[in-house]
Amino acid sequence: MNKKKRMNNSLYSYKLLLPILFLYVVFFVLPTIMGLGYSFTNWRADRDELEFIGFNNFTRIFKDRTILLALKNTFIYTVFTVLGKNIAGLVLATLLNIQFRSKNILRGIFYLPSILSTVAIGVVFTSILHPTGPLNDLLGRIGLEVLQQNWLDNRQIVMYSIGGVAIWMMAGYHMTIYLAGYQSIPADYYEAARIDGANALQRFFCISIPMLRASFNMNIMLSLIAGLKVFTEVFVMTGGGPGNASQVLSTLIYKSFGNGSWGLGTAMNIILSVVVSILTVPLLLRMRREEVES
Amino acid sequence: MWLLSLIVLIPLAIVFFGSFKTQAEAVAFSLKLPESRHFENYKTVIEEAHILRAMINSLIITIASVAVCVLFSSMGAFVLARKKNWQKAFIYSSIWE
């Protein structure tokens, strides 16, 4: 035992960790620490020297109503997309886990949007969601004029429209993770349940859902982070408009960097990282604990 | 299922058909087949928008980052997976975002 342990240590030396640790420190840890420093200064494009201004950036941010709106929008978007992506992904995976002839090609089709460029999809959907675009046209033709909307210009629904596009795009991606989870469930469980007289719904809720736990954790984690850090979809489709109605944290950060207020931008970035950490770290810890248990 | 897949296929089909249309036809964003097939759209993209150059750039970035990731990450992962002591626990927990 002791001998074996020593062999392990020599085979997998810590030197192997150095390259990745170096990259990680240079490109992640140092910038983060420097960013934290810069967020307390009045760093601007037009200034040569920096001044330490304490928490001024942060108080300014929280007095500003736009960032509160952006926070609210980010949360609406995150909740909507996490639910939408996971429900759509799970439904697709459940349906495509049934054995039938064209299931492979259908899996491919549903996965397709997630490998396309977000920018291209955003541009296409800006046209599709246009008030006179194909979507409203289709709704008019099947007699659902009531549902016709000014998808991207209506302050109330613009976040949901963008979220809908994100769900359209990523549902297939989450489907593949759920499908992978489905493959690891032994078929005997379903067989035993069937013999005991469980119907399809009972089999789904009592076997599939608990057994897919690892996939749920992974998917919720990924979609949560994607939702909180959303930038491309919003930036391409509305640019934060109309007015500031669809402004999210990342687009605000981009805007303040574009204005040249770099100090303010880094301060906002710190706030974004704090929000992301508060929401994801508990989830991560829970996942880790489950990993140890199983 | 095939009916459901139309949700994905229709937008893609609009874009695909649109790539053969004239400017005026394409802005309508309809599912109509193009009246005449304009293959010169592709020629324009290659010759004037230099899409090949852009693709090569993407390829360079992809190959470089995949190579670095696969090599260095697997090196690191081997160590982290094999060692079971506090140093490992520390490095592991600090690397997670």
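Ser39(A) is buried, with a relative accessible area of 0%, where buried means under 20% relative accessible area, exposed means over 50%, and partly exposed lies in between, for a 1.4 Å probe and protein chains only. The model is a predicted one, in which local features need pLDDT of at least 70 and side-chain atom pairs count only at pLDDT 80 or more, while totals for chains, interfaces and linings use all residues. Residues are numbered from 1 along each chain as its sequence is written, chains are lettered from A and ligands numbered from 1 in the order in which they are written, and side-chain values use heavy atoms, with hydrogens and water left out.

Ser39(A) sits in the loop between helix H2 (18–38) and helix H3 (56–63) of chain A; helices here are DSSP runs of H or I with at least four residues, numbered from the N terminus. Not counting residues up to four places away in sequence, Ser39(A) touches Asn57(A), Phe58(A), Gly263(A), Thr266(A), Ala267(A) and Ile270(A), a contact being heavy atoms within 4.5 Å.

We can now turn to the interior. In soluble globular proteins, nonpolar side chains tend to be buried together. A nonpolar core is a set of buried Ala, Val, Leu, Ile, Met, Phe, Trp, Tyr and Cys residues joined through side-chain atoms within 4.5 Å. The largest such core has 46 residues, and Phe110(A), Phe125(A), Leu129(A), Met175(A), Tyr182(A) and Leu212(A) have the most contacts inside it. Its largest share, 13 residues, comes from H8(A). Leu129(A) touches Leu135(A), Trp151(A), Leu152(A), Ser161(A), Val165(A) and Met237(A), again not counting residues up to four places away in sequence. Apart from this core lies another, of 25 residues, among them Ile225(A), Leu228(A), Met268(A) and Leu284(A).

H4(A) gives the most to the patch, with 5 residues, and Val79(A), which is placed in helix H4 of chain A, is exposed, with a relative accessible area of 51%.

Asn150(A), in the loop between helix H7 (134–141) and H8 of chain A, is partly exposed at 34% relative accessibility. Asn150(A) and Lys15(A) are 135 residues apart in sequence and 58 Å apart in space, C-alpha to C-alpha.

Finally, a search of the whole structure finds 0 disulfides over all chains, a disulfide being a pair of cysteine sulfur atoms within 2.5 Å. Cys206(A) is exposed, with a relative accessible area of 58%, whereas Cys69(B) is partly exposed, with a relative accessible area of 46%.

Note on methods: Helices (H or I, at least four residues) and strands (E, at least two) are DSSP runs, numbered from the N terminus.
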